[in-house]
Amino acid sequence: MTTAFITHPDCLSHVTPPGHPERVARLEVVLDAVKDMDLLRVKAPLAAEDDLLRVHPAGHIAAIRRAAPQEGWRALDADTHMSPGTLAAAHRAVGAVVRAVDMVMAGEASNAFAAVRPPGHHAERETPMGFCLFGNVAIAAKHALDHHGLTRVAIVDFDVHHGNGTQDLVEDDPRILFCSTHQMPLYPGSGAASETGASGNVLNVPLDPNTGGAVMRRVYDNVVLPAVAAFKPEMILISAGFDAHGADPLANLNWSTQDFAWVTRRICEVAGEVCGGRVVSTLEGGYDLAALGASAAVHVDELMEAGA
Ligand SMILES: [Zn+2]
């Protein structure tokens, strides 16, 4: 068995204004970092309407489509922009994570990584924000439950920012455990430990700036991973942002590239114990190009090790 690597050239056609950190080159460095790896390479389909509707109202989806510019950019908020290629990219991003779930469920791959942009974990039910339009990973989780008939899935979000959008989309669904580690204080400001979801299905672990990889490893070993294992998910989804890296310009958690290898390995170990190794990971943030490439490479490498 193998690791599926799902992406689409349309994800390079989402162009942000000059100087914007969430830029085309991010995906280019990820693609370059894995180009020699023995992966099952799959082109992402466009998202099915039914999948978008699992978390976003029809009127909101229509409003996003209407907002797409014919040329230049349209700003949805101070951080979140659409270019003429954005709609296709956003639909491929959702389609990629859903396809990843389908492949792992069908046994076509042991696990999968969706290399996509725009990212998704800040997108709320009716509010695009933080570079995100649709809730990619939340949609994939709902798809695993509602389409494939799973009863419990876990989402682990190690992006340096709180996954407020994912939390908004899943916090009332007891079938989904959402765990997020993130720097606090930092954008978007949510993610306090007191935010626990409707049924205790949200676990937020805010981390102080400059705490580094040793604290992260303790938190995962003592808090996050035991909670995931106790939930007994039938699949684990990862919101894989690499902006906790020490080189990242947007945050200060100071994780190393090897910390991303470690956390990936440990998540895969838990998946091996509780859900047959079913892991679907999707790209979120990561804004230092060299750190992003190196971290994504070790992340995918660990998925391959676990899935071999
Ligand atoms: Zn982030």
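**View 1. The open sheet of eight strands.** In this predicted model, the strands of the open sheet follow the order β2-β1-β5-β10-β9-β6-β7-β8 with parallel pairing, where strands are DSSP runs of E of at least two residues, numbered from the N terminus, and two strands pair if DSSP finds at least two bridges between them. Because β2 (40-43) and β8 (202-207) each have a single partner strand, one side of each of these edge strands is left without a neighbour in the sheet. Neighbouring strands are turned by 15° against each other on average, direction ignored. Residues are numbered from 1 along each chain as its sequence is written. Local features need pLDDT of at least 70, side-chain atom pairs count only at pLDDT 80 or more, and totals for chains, interfaces and linings use all residues, while side-chain values use heavy atoms, with hydrogens and water left out.

**View 2. Strands β6 and β7 with helix α5.** Strand β6 (residues 153-157) runs parallel to strand β7 (residues 176-183) and is joined to β7 by five bridges, with Ile 155 standing opposite Phe 178 in β7. Helix α5 packs on the sheet, touching β6, β7, β9 (236-240) and β10 (279-283), and its direction makes about 165° with that of β6; contact means heavy atoms within 4.5 Å, axes are lines fitted to C-alpha atoms, for helices over the stretch in contact, and angles run from 0 to 180 degrees between N-to-C directions.

**View 3. Helices α4 and α5.** The axes of α4 (residues 86-105) and α5 (residues 136-146), helices being DSSP runs of H or I of at least four residues, come within 9 Å and cross at roughly 35°. Residues making the contact include Val 97 and Val 98 of α4 and Ile 139 and His 143 of α5.
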